[in-house]
Amino acid sequence: MKRKSIYWIYWILALCGLLLATSLFSLCTGSVGIPLKKILEVIFTGKGTTEYSIIFNVRLPRIILGFAIGGALALSGVILQGMFRNPLVEPYTLGISGGAALGVCLNIIFRLYQTFTVSTLPLFGFLGALLVILLVYFLSIKKGILKITELLLTGVMISFISSSLIMLIMAVSRAEDLHGIIFWIMGSLEEPNLILIKLALLISTIGLIISYLFWKDLNAFLLGEEEALHLGINTERTKRLLFILSSFLTGCSVSVAGIIGFVGLVVPHFIRMFVGTDHRILLISAFLSGASFLIFCDTLARIIISPLELPVGVVTGILGGSIFIYVLSKKQIILGGK
Amino acid sequence: MILYRKVPFLTFVLSPLIIVTFYLVSLLFLLSEPINAEMELSKNPQRIISLGPSITKAIYLLGIQDKLIANTVYCINPPPAKEKEKIGTATDVNIEKIFNLKPDLVLATSLTNPKTKEKLKNLGIRVVTFPVPKNFNDLCKQFLELGKLVGKEKEAEKIINNVEKRVTYIKKKVENLYKPKVLLQIGADPLFVATGSYFLNDYIELAGGINIAKESKEGIYSREQVLSANPDVIIITTMGILGEEEKKTWEKYKTLNAVKKNKIYIIDSDKISSPTPVSFVDTLEEIVNLLHSKEK
């Protein structure tokens with residue numbers, strides 16, 4: 001037991017180190033090169049210079065948002081995969097992203113963001129996500145029992161319906177609105193509103209803390225729902241709370257940063273291969289590695305075809321997918337079950 | 001059962017959380033408030049960045065190209081604009097690079113990502129947006145506005161006066177001519193045409209034609225609608241190499257008047273869709289000739 005705990009602590013320290021390293025890498029790369037040596041100098045003495053503003057007003061907000069979103073998505077992926085015991089479930093499977101995208105599309109075609117402010121976009125995204133969460137939730141409750149399979153199927157269907165509705169909206173929208181919709185759907189960590197960034201950070205950290213209240217339940221779920229019940233877990237309550245927690249995390253992430261795929265699917269699998277299936281270590285490691293993965297991908301997206309910027313989802317998909325396949329071919333995969 | 005053996009709560013739950021919280025606190029401490037620098041509304045901006053091809057052309061027209069420090073990769077006309085520093089495309093720009101160039105005026109279009117504009121404003125940069133003009137008058141108004149912004153009001157007025165004279169002359173010339181029905185196609189797959197809500201419509205109307213898609217709300221149009229409206233002239237913008245393909249497609253419909261009269265034309269998209277008042281009238285004159293040329 002003692003050896004295991006030491007092993008885990010090493011993992012956590014390593015991942016924290018990784019997070020720190022990617023953050024630093026991201027902080028000093030960009031179209032304006034600022035070498036690592038100069039960073040400290042700029043941070044402490046360079047107030048008022050251009051480099052200072054670039055670091056603190058352009059790059060740092062993106063890193064913080066990447067941390068919050070990457071962490072939240074990976075965490076939500078771990079929770080959902082654990083709860084459904086299905087390796088293909090990810091935060092976007094349940095239609096939450098579709099709902100958020102639909103909300104944003106409606107906002108864009110009615111030009112609400114021009115009449116009010118750009119900040120109404122995340123608000124509408126969140127409302128859309130919330131609507132889908134409630135819809136999926138109440139449609140899957142039968143006689144007071146939340147059916148896991150129905151939850152999944154309803155979610156997938158709602159996801160399809162909303163993506164078709166989005167295409168309908170795109171087909172009838174004006175050319176310049178179309179651009180707005182596409183920008184949003186591609187997802188980006190660029191967010192002008194600092195309050196939103198702080199809010200995302202707060203929500204994802206609180207989500208991590210809350211998820212630790214459920215580590216026993218999640219571990220028990222690995223054995224199956226019935227076995228969990230026999231182990232004394234209140235499965236009904238747990239399922240509902242976990243569903244609400246993970247959808248809330250996803251809804252917040254999607255409404256701030258748009259649809260950034262793959263983080264919630266690949267990172268949980270990836271990290272499970274290394275640290276095992278115990279949720280005590282899995283939750284925190286997924287959060288940390290999701291955060292560093294997204295920060296790293298965003299940095300690459302900024303520099304690969306500079307001065308243009310790739311959508312970060314392109315990088316997460318290609319990089320995440322190929323690394324995952326490589327590791328999968330080298331290592332025996334441990335999926336949700338035993 | 002390993003699951004329920006007593007675990008040292010402190011090690012597993014609290015220590016990672018402490019590390020994460022520490023990271024967060026240090027980040028939040030570092031995150032400073034946005035620069036709310038007083039936007040100096042200088043009458044005479046010296047460092048201008050253009051985020052749209054039509055704006056770049058207008059700047060060259062006003063003769064202040066020396067003050068233009070950067071533009072987008074789409075800004076290829078006039079040719080010297082290619083040599084300027086590039087900060088991205090019309091839709092996707094590099095904020096860091098813009099900020100580092102220290103502009104005192106950024107001229108955006110409605111294609112620019114709204115989040116980008118907001119971010120630049122937060123960084124203390126003055127951003128002015130020029131939406132897609134609704135008609136020719138709107139185009140002139142925007143040009144005057146741009147002239148005012150960069151302190152070249154008189155030059156802009158002079159150019160506009162000249163342009164309006166030319167338009168009046170064209171109007172007079174086509175007044176008593178037969179009004180052909182025209183389709184101006186700006187995209188294929190799906191078929192996309194110029195409707196009444198944008199300036200493209202004025203190319204047809206001022207040239208003395210009737211836009212068959214004027215009342216259509218969205219730009220998407222069906223071939224059936226085109227066949228039933230039966231235009232006398234079809235004008236296709238190049239859209240890369242697609243223009244020629246589209247011309248061949250239309251020529252299959254032998255019942256179309258435009259096919260019978262052999263009046264399907266291809267026009268350069270850059271010329272037609274990102275105009276300055278002057279290039280608008282140049283293109284307009286070209287279209288007048290196309291519309292009222294003798295049948296071949």
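Visitor: How many residues does helix α6 of chain A have, and how far does it reach?
Guide: Helix α6 of chain A, residues 120–140, has 21 residues and reaches 30 Å from its first C-alpha to its last, close to the 30 Å expected at 1.5 Å a residue; the expected span is 1.5 Å times one less than the number of residues. Helices here are DSSP runs of H or I with at least four residues, strands are runs of E with at least two, and both are numbered from the N terminus. This is a predicted model, in which local features need pLDDT of at least 70 and side-chain atom pairs count only at pLDDT 80 or more, while totals for chains, interfaces and linings use all residues. Residues are numbered from 1 along each chain as its sequence is written, and chains are lettered from A and ligands numbered from 1 in the order in which they are written.

Visitor: Which residues of α6(A) are buried?
Guide: Among them are L121(A), F124(A), F126(A), L127(A), V132(A), I133(A) and V136(A), where buried means 20 or more other C-beta atoms within 10 Å of the residue's own, exposed means 12 or fewer, and partly exposed lies in between, with C-beta atoms placed from the backbone.

Visitor: Changing topic, at what angle do α13(A) and α15(A) pack?
Guide: Helix α13 (residues 263–275) and helix α15 (residues 312–330) of chain A pack at about 30°, with their axes 10 Å apart. That makes α13(A) roughly parallel to α15(A), a term for angles under 35 degrees.

Visitor: And which residues meet there?
Guide: V263(A), V266(A), H269(A), F270(A) and M273(A) in α13(A) meet T316(A), G320(A), G321(A), F324(A) and V327(A) in α15(A), contact being C-beta atoms, placed from the backbone, within 7 Å.

Visitor: What about K102(B), buried or exposed?
Guide: K102(B), in the loop between α3 (95–100) and β4 (105–109) of chain B, is exposed, with 11 other C-beta atoms within 10 Å. Its phi is positive too, at about 50°, although K102(B) is not a glycine.

Visitor: How many helices and strands does chain B have?
Guide: Chain B has twelve helices and ten strands, and buried residues make up 40% of its 296 residues.

Note on methods: Axes are lines fitted to C-alpha atoms, for helices over the stretch in contact, and angles run from 0 to 180 degrees between N-to-C directions. Angles under 35 degrees count as roughly parallel, over 145 as roughly antiparallel, 65 to 115 as roughly perpendicular and the rest as oblique. Two residues are in contact if their C-beta atoms, placed from the backbone, lie within 7 Å.
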